Amino acid sequence: MGNSVHYPTPIPIGRLLADIHRLQAARLDQMMEQIGLYRGQAMLLLRLAEQDGLTHSELSAGLRISPAAASKVIKRLEQQGYLQRRSDPLDNRISRIYLMEEGQAVIDQIYAVFQGFNQLITSDFSEPEREDLRALLGRIYANLKQNQPKPASEQTCLDRQTRPK
């Protein structure tokens, strides 16, 4: 019979969300490869497009990644000419990260990948079904965030009131 796992019917929602998350990550990685980026690099570039000139620690907190991981992504994107570090004009001890022309140029491609991904995952949904799904997922999100402190490491685009195009 093999090693297949048998879940109760219906599949628990938490399990389904976890499986969707894994598939989403894999598919987005494939799609980002087409524009020469990793998903984490794209997210960092989008964060800077939203608010250019952030510090290293602001980026790592906003993206919910470790400072070491942020350093690695920043260094790689800097080598590719997408961004540059500059000293803070008011405090030379602080370094701020800015998008370069190359980084600005790739932002539209990143948005296009996310738009294509969103079309892919809801390709057979009607508009009312998409709205229902947004509402239901919004309620799940609210349930998980309810009565929780909001450290910067847990803030998402919903907390910042921005949404990818």
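Trainee: Which helix do R134 and E131 both lie in?

Mentor: This is a predicted model, where local features need pLDDT of at least 70, side-chain atom pairs count only at pLDDT 80 or more, and totals for chains, interfaces and linings use all residues. Residues are numbered from 1 along each chain as its sequence is written, and side-chain values use heavy atoms, with hydrogens and water left out. R134 and E131 sit three residues apart, about one turn of the helix.

Trainee: How far apart are the closest N and O atoms of R134 and E131?

Mentor: They form a salt bridge, meaning a side-chain nitrogen of Lys or Arg within 4 Å of a carboxyl oxygen of Asp or Glu. E127 and R130 are linked with them in a network of salt bridges. For R134 and E131, the distance is 2.6 Å.

Trainee: Is R134 buried, partly exposed or exposed?

Mentor: Buried means under 20% relative accessible area, exposed over 50%, and partly exposed in between (1.4 Å probe, protein chains only). R134 has a relative accessible area of 49%, so it's partly exposed.

Trainee: Which strand does E58's salt-bridge partner sit in?

Mentor: E58 meets R96 in a salt bridge, at 3.6 Å from N to O. That pair links distant parts of the chain, 38 residues apart, with E58 in helix α3 (residues 56–63). Strands are DSSP runs too (E, at least two residues), and R96 is in β3 (residues 95–99).

Key
Helix = DSSP H or I, 4+ residues; strand = E, 2+ residues; numbered from the N terminus.
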